[in-house]
Structure formats: structure tokens, C-alpha cells
Amino acid sequence: MTQKTPWWRGASVYHIYVRSFLDSDGDGHGDLGGVLARLDYIASLGVDAIWLSPVHPSPNRDWGYDVSDYAAVHPDYGSMADLEAVIEGAHARGMKLLLDEVLAHTSDEHAWFHDSRAGGDKADWYVWAPLKDDGTAPNNWLSAFGGPAWAYHPQRRAAYHHKFLRQQPKLNWRHPEARAAALDVLDFWLSRGVDGFRLDVANAYLHDPALTDNPVDDSDTAARWSAAANFQRHFNDSNLVENIDALDAVRRTVDRYEDRFVFGEFSEEADRCGGFAAPDEGLHAGYSFPLLLARRMGPDFIRRHMEMLDRHPDHWPCITFSNHDVPRTPSRFGDGSQAVAQVMLALLLTLRGSILLYQGEELGLPEADLTREQLRDPVGDLYWPAHKGRDGCRTPMPWAPDQPHLGFSTATPWLPAAPEHAGLTVAAQDADPDSSLNLSRALLALRRAHAALRLGDLAFRNLPAPLAGFERRLDGERLLCLFSLGPDQPPADPAWTEGETLLEGRIGQPFAWRIARLA
């Protein structure tokens, strides 16, 4: 009997940053009612699943990625009944619903941490260590958000480890009861009908119990100088080889339920900590950051990444160009234009893997240019103006300016609407057959119609720059995918006319692309 292909292999997942998606009650921030109101829109895209950013109660020091209660819904977003309605509504439209779970750390306002700080039954559920005699940190570990990755607390007379903000204490996955409690979070939501999870910083579950210093990264690169934490290789505070054991425990929990999916974010050292594991170990899939950090358009960035994945042939990857943490794709790779947006959409939706599509990416939205006074992100506050933080990709989704009761017009939104998005609303693009929105629908429909795009092998062709081209092959079907990834006139090449055209754009112009069926 032929084994059924899991639904998530080759699937397209729509990533919703709930706080900025749709404000259904006029209080200035998005909510689950807004997601429910737009399920038909999401279904019209042709995606297979929805991933919601964290919906749990949080003091919002890191905007939901500091969870204070895993078994509830943030009152800003609605109620448990609202989340259940979203789950049921997604299922009724043939889509899966995935939650974003943050299990490497909690908020310092979580009850578990209150007990640990007081030295109670959960004293060792977090990573505590004494300060050095001179009052400095226990070791050299650096926080991703700046400064030592340790915060002293006089109640405990010790310091706790935090990989990010000091308000995000690291959960001690080496403690069996803490690990069991984290896994119980997954059980809680799986039993309520969610179809799986995206796991935040899945590379950071385990730490070195000896608290060994991290080694120095002495490479002279732009990335190293972009943040203090990059002066180290994070081999001991996270990214341990044995991290795969924690991922296996997650996988066993999820696999007790039928037809579920769990994938992880591996922001560092993905080949070391289980990010590129085979499908029968660790998580079902994962994504790493090379494609999210890339900023130079051209054939090299995508070819390098896919060839790296080829070194892990049994691993099934997630592929994403954009999310809530990085500048939007058209601005990162080019001038923010729709031409750049569309060639990058065509490239993304023809690649091998499970595709993650961030809200507004289907509209070709450029990055919003915010002032420092408008920022809400602690990263932007820390590194302004060299790094303006993550708020430029988190501004409200532009729906339609003439529908204030459905959008962010009845109250001051938590982030300002981007002037750059005024002409790119869903309403405007829905009526334009040549828009990025309708191109996204056509590309997703093509991906659904051709198993070679979802599940087939990928083989690059050798083409003159700035052309990037590859074939997708499965069961005798061969599709040619061709892209001109540069602002100049595309070079002449036989591939522009080879085979039967299925979909194409801007032929003969910069940022041209073409998908064709080969004999």
C-alpha cells in the first residue's frame, strides 16, 4: 500500500501577525475576530494552512513572544471561543490552523517564573547561576537584544539566563518537570483541534549545563558588526548538538495526534542543532535564516541556499523570504517596487519545500519607513538608526480605505498605517488583474495543480547572470522556472521560449520570469 503524502509537504502556509492583521472592534489592534472576518480572503489565496503569531496572554515586552499563560488567549485578541471559531472556520474552508508556541523561554510574569524566583518547587525550572565575586555575569554569554544574557535578581541572590530580553527568562529544558510542562502546552492545544505549531527559536531549547563560555567569532563581516551578540558563536547558550533530543520529544508529542505538523525556526547554526534533520527525527521541518537575511538580488543567494539544503537530502525544508522579524522582501532586495515583489513571489512559490507566506507579501508590500518615535520594537530602540527594528514589516495590513469599520480607522492603530501601502490595498489589487495579489493567487493555483512544484526534485540550470533557472521534476513531469533577478534588461536565452508557457511576467523587461512545461 502506498504511503499517503503528509498534507504539509509542499504546502503553502499563510503567516498572520495578529496584532496588525485586522481590527474587528475598533480598539487599535488586530484580533481573532479580524482573522475570522477574513478567512474567505485567505482561502481565496489558495493556501493550505494559516500560522497565527502568538495569541496567548503577554505583557508585550516582545509583543507576544514573552508568554505569561500558555493555556489562555490574550484579551487584546479575544476569547477562547474566538480562537475556537477561527479553528473551525479555517477547517470549514479546507485550511489547517497552526499556532506559534514560544517554549524556549517564558515571560518573567509567568507563574512558573514567580515560583522559581522565590525558590519554590519550580526553583530549577529556569537557568540560574551565581554572579562572579565582582558582581559580573556568570559567563560571557550575550543576549541577542544587547548586553550580557544574565539578569541578577536579589530575591534569589542569583542571576537568570535570558537569550533575548531580561523579561524573557530561559526555561530549563534539562529539568524533566519543566520539559514535561512545556510538552503539556502542545498537548493542551492539540486536544483542542489545532493542526500543529511553528516553534519559536527551536535551536535554543538546551544550554550547556557547565555554562561554558561561547567561543569568539572573529570573522570580519557586516553581520558580525550588526549586533553585539554576533561577536560570539552561540555553541553553549544554545545550538547544542543534543538539541535534537528536545526536538524529538516535541515530535513524539505531536505525532500522537493524527495528521499534524510541527516546524521550527532555527535562527542560528541550523546544521548543528537539528534544524536540518531527516523527517523521522526532530521536527517535521524547519527554516533557517540565510534567505531572511539575504539582501542582494541575483542568482547566487537562492542557488547557495538550495545547494546547502541538497547536503541534507532527507530533510524537508520550509522556505520563506519574509516574516515579522525582517524587512519586507521588495525593499530588502530592491527598490520596493511591484516588479521586484512579483519576481520574488514567482521565485518563492516555485521552490522545493513547504512555503511560508507572510501577510501582505501577497500584495507586494514594501517596508514602512517609520520614525523613531513611532517604533514599538525594543530592537529598533536599541540600535537606531543603524537598525530600525522590526516594526517596518509589522504595520497594519492595508484592506480598503473606504471601509473603516473593517480596518484600523476607528482608533489610533498600535503602529501607524504605512503611507507606502496606500495604493496597494486588498480592495485595489483585487480589482486589478495584473496586481501582485492576483498573481499570488495564480501562482498558488499553479502550485496546487502541479505536483512537481509541490513535491518534485529541483535541478538548477547553468545560465548567465542575472538569470536563475531550475527544473522541477516528478513522475515524468518537468517544469522550467526562469527568473531575471536584476534591474537590467534580461539577457537573451533559449529558455525564454522553451516548452509550453504556463505563467509568465514582464517578458523582455527587468525582473522578468517564466514558468513552462517541458516535453
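**Close-up views of a pocket lining and of aromatic contacts**

**View 1. The lining of the second largest pocket, sorted by residue class.** Eight nonpolar, two polar and four charged residues make up the lining of the second largest pocket in this structure, which is a predicted model. The lining numbers 14 residues, and those nearest the centre of the pocket are Pro290, Ala294, Arg295, Phe301 and Arg304. Helix α9 (299-310) and helix α8 (290-293) each contribute at least two residues to this lining, and the largest share, six residues, is supplied by α9. The space in this second largest pocket comes to about 350 Å³.

**View 2. The tilted aromatic pair of Tyr70 and Trp112.** The count of aromatic pairs in the model is 26. Tyr70 and Trp112 form a tilted pair, with 5.6 Å from centre to centre and 40° between the planes. This pair links distant parts of the chain, since Tyr70 belongs to the loop between β2 (49-52) and α3 (80-92) while Trp112 belongs to helix α4 (residues 111-117), 42 residues apart. Tyr70 has a relative accessible area of 5% and is therefore buried, and Trp112, with a relative accessibility of 14%, also counts as buried because the cut-off is under 20%.

**View 3. The stacked aromatic pair of Trp173 and Tyr205.** The rings of Trp173 and Tyr205 are stacked, lying 4.4 Å apart from centre to centre with 5° between their planes. Trp173 is found in the loop between β6 (158-161) and α5 (176-190), and Tyr205 in the loop between β7 (196-199) and α6 (222-226), so the pair ties together parts of the chain that are 32 residues apart in sequence. Both Trp173 and Tyr205 are buried.

**View 4. An aromatic cluster of Trp, Phe and Tyr residues.** One aromatic cluster is formed by Trp7, Trp8 and Trp51 together with Phe261, Phe263, Tyr287 and Phe289.

**View 5. Charged side-chain ends over aromatic rings.** The charged end of Lys122 is placed over the ring of Trp125, at 5.0 Å from the ring centre. In a further contact of this kind, the charged end of Arg192 sits over the ring of Phe188, at 3.6 Å from the centre of that ring.

How values were computed: Residues are numbered from 1 along each chain as its sequence is written. This is a predicted model: local features need pLDDT of at least 70, side-chain atom pairs count only at pLDDT 80 or more; totals for chains, interfaces and linings use all residues. Side-chain values use heavy atoms; hydrogens and water are left out. Rings of Phe, Tyr and Trp (its six-membered ring) pair if their centres lie within 6.5 Å; planes under 30 degrees apart count as stacked, over 60 as edge-to-face and the rest as tilted. Helices (H or I, at least four residues) and strands (E, at least two) are DSSP runs, numbered from the N terminus. Buried means under 20% relative accessible area, exposed over 50%, partly exposed in between (1.4 Å probe, protein chains only). A charge sits over a ring if NZ of Lys or CZ of Arg is within 6 Å of the ring centre and within 35 degrees of the ring normal. On a 1 Å grid over the protein atoms alone, a cavity is a set of points where a 1.4 Å probe fits but cannot get out, and a pocket is an open set with protein on both sides within 12 Å along at least five of seven lines; lining residues have an atom within 4 Å of a point. Grid points are joined across faces, edges and corners, and a volume is the space filled by probe spheres set on the points. Ala, Val, Leu, Ile, Met, Phe, Trp, Tyr, Cys and Pro count as nonpolar, Asp, Glu, Lys and Arg as charged, and the others, Gly among them, as polar.
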